[in-house]
Amino acid sequence: MTNTTVTNTTDEILQLFSRRGEDAYYGEEVSQLEHALQAAALAEQAGAAPHVVVAALLHDIGHMLHGLPENIANEGIDGCHEDAGSLWLATRFGPEVTEPVRLHVAAKRYLCRRNPGYAAGLSPASTLSLELQGGPFSEEDAREFEQNPWFREAVMVRGWDDAAKTPGLEVPALGHYRDRISACLR
Ligand code: FE
């Protein structure tokens, strides 16, 4: 990818956040941008690799791409934001970014099966969407998921996703991730 393309693609992502970042993260007390920045900050604090930090930052980008109302889960609709997001990202990044994004909902279903107490710790909105997303994995699905090459990254992103919901938390701004986004582009 040329430098111009890298700049354009990185700007395109930053602009998407400036256009849609103030959107509600439905049912949560943080905006889409606050949620993304907190997830990325948690990834960085954990010492995650650059592509995992970028995946954490962009894991919910699908919510900002579709034109569906934010409260679709209340209407009994699953927006499949993980698929929309990873498809959009796939023209720009490799699987090291797109797969943890695509699998972060599967990781929730997995953790509900594997970790006693995990489901009880989910926010009300996340519990509601869990049902629309298919509910906890069966034992067979959980085992299959463990074989996925991106399993660990997906579970890590999921953990930061669940924790990135603190109103008013001070975290680095979007520009802090600009170089890492550019470095991860195809
Ligand atoms: Fe999220």
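Contact is taken here as heavy atoms within 4.5 Å. The structure is a predicted model, in which local features need pLDDT of at least 70 and side-chain atom pairs count only at pLDDT 80 or more, while totals for chains, interfaces and linings use all residues. Residues are numbered from 1 along each chain as its sequence is written, and side-chain values use heavy atoms, with hydrogens and water left out.

Leaving aside neighbours within four places in sequence, Asp-161 is in contact with Tyr-25, His-35, His-59, Asp-60 and His-104. Asp-161 belongs to helix α10; helices are DSSP runs (H or I, at least four residues), numbered from the N terminus. With a relative accessible area of 1%, Asp-161 is buried, where buried means under 20% relative accessible area, exposed over 50% and partly exposed in between (1.4 Å probe, protein chains only). The Asp-161 side chain makes polar contacts with the side chains of Tyr-25 (3.4 Å) and His-59 (3.2 Å). A polar contact is a pair of N or O atoms within 3.5 Å; within protein, one must be able to donate a hydrogen and the other to accept it, and residues adjacent in sequence count only if both atoms are side-chain atoms.

Asp-161 is also one of the residues that coordinate the iron ion, together with Tyr-25 (OH), His-35 (NE2), His-59 (NE2) and Asp-60 (OD), at 2.1 to 2.6 Å. Donors are N, O and S atoms within 2.8 Å of the metal (3.2 Å for Na, K and Ca); water is not among the atoms, so sites may look incomplete. Along the chain, the donors of the iron ion follow the spacing Y-x9-H-x23-H-D-x100-D. Tyr-25 lies in the loop between α1 (3–20) and α2 (32–45), and His-59 in the loop between α3 (50–58) and α4 (61–65), so this pair ties together parts that are 34 residues apart in sequence. Both Tyr-25 and His-59 are buried.

The loop between α1 and α2 also holds Glu-28, which is buried at a relative accessible area of 17%. The side chain of Glu-28 makes a polar contact with that of Ser-123 (2.6 Å). Not counting residues up to four places away in sequence, Glu-28 touches Ser-123, Ala-125, Ser-126 and Lys-165.

Ala-125 and Ser-126 are buried residues of helix α8 (residues 124–132), as are Ser-129 and Leu-130. Seen down the axis of α8, the buried residues fall within an arc of 145 degrees, so they line one face of the helix; the arc is that of the directions from the helix axis to the C-beta atoms. Pro-124 and Glu-131 are exposed on the other side of α8. The buried residues of α8 pack against α7 and α10. Gly-134, which follows α8, has a positive phi, near 115 degrees.

Helices α7 and α10 pack at an angle of about 85 degrees, with their axes 8 Å apart. This makes α7 roughly perpendicular to α10. Axes are lines fitted to C-alpha atoms, for helices over the stretch in contact, and angles run from 0 to 180 degrees between N-to-C directions; angles under 35 degrees count as roughly parallel, over 145 as roughly antiparallel, 65 to 115 as roughly perpendicular and the rest as oblique. The α7 side of this packing consists of His-104, Val-105, Ala-107, Lys-108, Tyr-110 and Leu-111, which meet Phe-151, Ala-154, Val-155, Val-157, Arg-158 and Asp-161 in α10. Val-105 is buried, with a relative accessible area of 4%, and touches His-81, Glu-82, Gln-133 and Arg-158, not counting residues up to four places away in sequence. Met-156, found in helix α10 (residues 151–163), is partly exposed at 36% relative accessibility.

In helix α5 (residues 81–90), the buried residues are His-81, Glu-82, Gly-85, Ser-86, Trp-88 and Leu-89. They cover an arc of only 160 degrees around the axis, which puts them on the same side of α5. These buried residues pack against α1, α3, α4, α6 (95–102) and α7 (104–114). The angle between α5 and α6 is about 170 degrees, with their axes 8 Å apart. Glu-82, Asp-83, Gly-85, Ser-86, Leu-89 and Ala-90 in α5 meet Thr-98, Val-101 and Arg-102 in α6.

Notes:
Helices (H or I, at least four residues) and strands (E, at least two) are DSSP runs, numbered from the N terminus.
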